Amino acid sequence: GDPAGWAAVDPPTLSLFPGAEGTGRIVFRPPRVATTPTGAIKYGLRARSREDPAGSSVEEGVVEVGAFIEPHAELVPRTSRGSGGASHELAIDNRGNTRLNAEISAADADRLLNFDIKPPGMVVEPGMAGFAKIRVKPTRRFWRGQPKSRPFQLLITPEGRLPIMIDGTMLQEAILPPWFGRLVVAILLALLAAVLL
């Protein structure tokens, strides 16, 4: 049956005299991958006699394979830039063997950012990936100066599990670019030179 690839019989061979009994055990080691099915899975165990092939028999059983959740998340880009806002994409891979139902939230310790998360939650099938758009906007803007680093955290909370935290940063830039001051000075000098001539 389906578990044959991840089952082993110990010992694989028993040598018995007529009328004697022996014991073996089946060890199931389902791989921890998204393609491993969950729930009750039927299997068959065939005992085959080398001396008496007609005396072979098959016994059937059921093994219960448990579900596991193994989400993996990535934020792209990790650091964004902008004066009025910036965008990120969050990818959530479901490496588990059961459906992943997760909520997404964001926060920054200094409360200097607002977040728009679309969608704020997602359902991802085993072996698949889901994507969310994260729009980050500063609560206040500034006209001039050096860019300011605005760190934040995304929380991906799978149903019934502890959240996964991902760090991100928005590099908030001034509304006026650094070269703007030099441009104004150059224009004023050009106007002054024109007036003086």
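Strands, like helices, are DSSP runs numbered from the N terminus (strands are E runs of at least two residues, helices H or I runs of at least four), and two strands pair if DSSP finds at least two bridges between them. With that in hand, welcome to this predicted model, where local features need pLDDT of at least 70, side-chain atom pairs count only at pLDDT 80 or more, and totals for chains, interfaces and linings use all residues. Residues are numbered from 1 along each chain as its sequence is written, and side-chain values use heavy atoms, with hydrogens and water left out.

## The mixed sheet

Let us start with a sheet of five strands. Its order is β6-β13-β12-β8-β10, the sheet is open, and the pairing is mixed. At its edges are β6 and β10 (121-124), each of which pairs on one side only. Direction ignored, neighbouring strands here are turned by 25° against each other on average; the axes behind such angles are lines fitted to C-alpha atoms (for helices over the stretch in contact), and angles run from 0 to 180 degrees between N-to-C directions.

The pairing of β6 with β13 is parallel and spans four bridges. Gly 82 has Gln 172 of β13 as its bridge partner. Gly 82 also belongs, with Ser 80, to the covered face of strand β6 (residues 79-82), while Thr 79 and Arg 81 make up the uncovered face.

What does the side chain of Gln 172 contact? Its partner is the side chain of Arg 150, in a polar contact of 2.9 Å. Such a contact is a pair of N or O atoms within 3.5 Å; within protein, one must be able to donate a hydrogen and the other to accept it, and residues adjacent in sequence count only if both atoms are side-chain atoms. Gln 172 lies in strand β13 (residues 164-172) and is buried, with a relative accessible area of 0%. Buried means under 20% relative accessible area, exposed over 50%, and partly exposed in between (1.4 Å probe, protein chains only).

Further across the sheet, β8 and strand β12 (residues 148-158) run antiparallel and are joined by six bridges. Here Ile 104 stands opposite Ile 156 in β12.

## The antiparallel sheet

A second open sheet has four strands in the order β5-β7-β11-β9, with antiparallel pairing. Why is one side of β5 and of β9 left without a neighbour in the sheet? Both β5 (71-76) and β9 (113-118) stand at the edges with a single partner strand each, so one side of each has no neighbour there. Neighbouring strands of this sheet are turned by 25° against each other on average, direction ignored.

β5 pairs with strand β7 (residues 86-94) over six bridges in the antiparallel sense. Pro 71 has Asn 94 in β7 as its bridge partner, and His 72 has Asp 93.

## Loops between the strands

| Cis peptide bond | Omega |
|---|---|
| Val 76 to Pro 77 | about -10° |
| Lys 118 to Pro 119 | near -10° |

Pro 77 is in the loop between β5 and β6, and Pro 119 is in the loop between β9 and β10.

Is Arg 111 buried or exposed? Arg 111 is exposed, with a relative accessible area of 70%. This residue sits in the loop between β8 and β9, and its phi is near 55°, a positive value in a residue other than glycine.

Asn 97 is in the loop between β7 and β8 (100-107), and is buried at a relative accessible area of 6%.

## The largest pocket

On a 1 Å grid over the protein atoms alone, a pocket is an open set of points with protein on both sides within 12 Å along at least five of seven lines, whereas a cavity is a set where a 1.4 Å probe fits but cannot get out; lining residues have an atom within 4 Å of a point. Grid points are joined across faces, edges and corners, and a volume is the space filled by probe spheres set on the points.

The largest pocket holds about 980 Å³ of space. Its lining has 25 residues, with Pro 12, Thr 13, Leu 14, Ala 47 and Arg 48 nearest its centre. β2 (25-28) and β3 (39-47) each supply at least two lining residues, and β3 gives the largest share, three residues.
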